[in-house]
Amino acid sequence: MKDKEKESDQTSSGLPEMPNLPPMPLSANMSNEASTAIDYPEGHRAGFVNIVGSPNVGKSTLMNKLVGENISIINKKAQTTRHRIMGIVNQPDWQIVYSDTPGVLDPAYKLQEGMMKFVKTALQDADVLILVTDVYEYGIAHEATFEKIAKMEIPVFILINKVDLEGQDVAMERAEYWKKRMPNAHVAPISALHNFNVDTLLESIVEKLPLAPPFFPKDELTDKPLRFFVSEIVREKILTHYKQEIPYSCEVVVEEFIDEPTIFKIRAEIRVARESQKYIVVGAGGRMIKRVGTDSRKELESFLGKKVFLDLYVRVDKDWRNDEGKLKRFGYFD
Ligand SMILES: Nc1nc2c(ncn2[C@@H]2O[C@H](COP(=O)(O)OP(=O)(O)O)[C@@H](O)[C@H]2O)c(=O)[nH]1
Ligand SMILES: [Mg+2]
């Protein structure tokens, strides 16, 4: 009898049956329909335009400007972006799937290894590559990545960002430097923050797109579900409010996300790596966490377009940054 029961737990392939998972809320514009179901005109162009570069050069700012929506969080602290985030721009006869990626670096811990994996796949599946640098940079933060890009046969744009901070001379000098280092690349100065040269860039990108059907339904804006953006908004507030290692030791996990007619009820946990960090994040008398909560709720309300009740907790998740199992659950590894 016991054996029989055991047997009934197995599917015909011999693998245990999938557990009954609760449904994941998806954003309204998310869908898993195959691209064959989408209508598109003859001569349609589509491609993956992937944005890479050193930390803090303005990749996410550029991505948001190109997409026209704030889908990637921006902060003056380095390593703000931890995931590969897609932003889709649609026109009747073309579709661009941009990918914002974490800044390139030599990984010092497992989380950063996961972040670099996103960069690696973005290098592999790009139809057009955008390497963002800024007026201060010679070379990029991870030379091996640069060597890889230099050997690519797809169109590569090298964009020298933040030209608003330096004169024309510096921009010209940097452009010469990059043209020498990568003669096949299209080099251009931009200011993502001030929208300088961004429209011209878009036109050049469209010209380089291969003939292809759309990859996503034409009304989709991103590949990520709404709750991903919820955790990112809270994480951005953590980057703003805390110093030193705290932002790099926090992960935000959305534990509950209930969409009611007039309100979103959200429960999120800030996971820290050590007990001492928990005290800092909570702050004296809970003052710090309250500030993060209030700021997050305000931004969530404007992002979601509805009232938000946000329940924010802090929990120690010991050394999560180096735990592959946990990182998998947080979406950093497949
Ligand atoms: N002055 C100036 N600052 C910029 C520009 N683009 C981005 N920034 C700033 O640079 C910092 C890093 O930007 P972010 O987009 O998060 O960089 P990422 O790490 O490469 O994604 C932020 O404080 C931005 O506001 C620009 O064109 N000019
Ligand atoms: Mg970024």
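## Getting your bearings

Residues are numbered from 1 along each chain as its sequence is written, while chains are lettered from A and ligands numbered from 1 in the order in which they are written. Because the model is predicted, local features need pLDDT of at least 70 and side-chain atom pairs count only at pLDDT 80 or more, though totals for chains, interfaces and linings use all residues.

So how confident is the predictor? pLDDT is its confidence in each residue, from 0 to 100. The protein chain has a mean pLDDT of 90, with 89% of its residues at 70 or more. Over residues 1-35, though, the pLDDT is below 50, and that stretch has 23 contacts in the model beyond near neighbours in sequence. Two residues are in contact if their C-beta atoms, placed from the backbone, lie within 7 Å.

## The chain as a whole

The protein chain has 10 helices and nine strands. Both kinds of element are DSSP runs numbered from the N terminus: helices are H or I and at least four residues, strands are E and at least two.

Of the chain's 334 residues, 35% count as buried. A residue is buried if 20 or more other C-beta atoms lie within 10 Å of its own, exposed if 12 or fewer, and partly exposed in between, with C-beta atoms placed from the backbone. Among contacts with a separation of 6 or more, 70% join residues 24 or more positions apart.

Strands of a sheet pair through backbone hydrogen bonds, either parallel or antiparallel. Here, two strands pair if DSSP finds at least two bridges between them. One open sheet has six strands in the order 2-3-1-4-5-6, with mixed pairing. Strand 2 and strand 6 (186-189) stand at its edges with a single partner each, so one side of each has no neighbour in the sheet. From one strand to the next, the twist averages 20°. For angles, axes are lines fitted to C-alpha atoms (for helices, over the stretch in contact), and values run from 0 to 180 degrees between N-to-C directions.

Take a look at strand 3 (residues 94-100). Is it buried or exposed? Seven of its seven residues are buried, so strand 3 is largely enclosed by the rest of the structure. Trp94, Ile96, Tyr98 and Asp100 cover one side, and Gln95, Val97 and Ser99 the other. Strand 3 runs parallel to strand 1 (residues 45-53), joined by seven bridges, and asparagine 50 stands opposite serine 99. Strand 2 (residues 85-91) pairs with strand 3 in the antiparallel sense, over seven bridges. Here methionine 86 stands opposite serine 99, and isoleucine 85 faces aspartate 100. A hairpin of two residues links strand 2 to strand 3.

## Around the ligand

Another open sheet has three strands in the order 7-8-9, with mixed pairing. Its edges are strand 7 (251-259) and strand 9 (307-316), each pairing on one side only. The twist averages 15° from one strand to the next.

Strand 7 and strand 8 (residues 263-272) pair in the antiparallel sense over eight bridges, with valine 252 opposite isoleucine 270. Helix 7 (residues 226-241) packs on this sheet, touching strand 7 and strand 8, and makes about 135° with strand 7. Helix 8 (residues 275-282) packs there too, touching strand 8 and strand 9, at about 150° to strand 9.

Most residues other than glycine have a negative phi. Asparagine 195 has a positive one, near 60°, and asparagine 197 has a positive phi of about 75°. Asparagine 195 sits in the loop between strand 6 and helix 6 (198-208), and asparagine 197 is found in the loop between strand 6 and helix 6 as well. Asparagine 195 counts as exposed because it has 11 C-beta neighbours inside 10 Å, whereas asparagine 197, with 18, is partly exposed.

How values were computed
pLDDT = per-residue confidence, 0-100.
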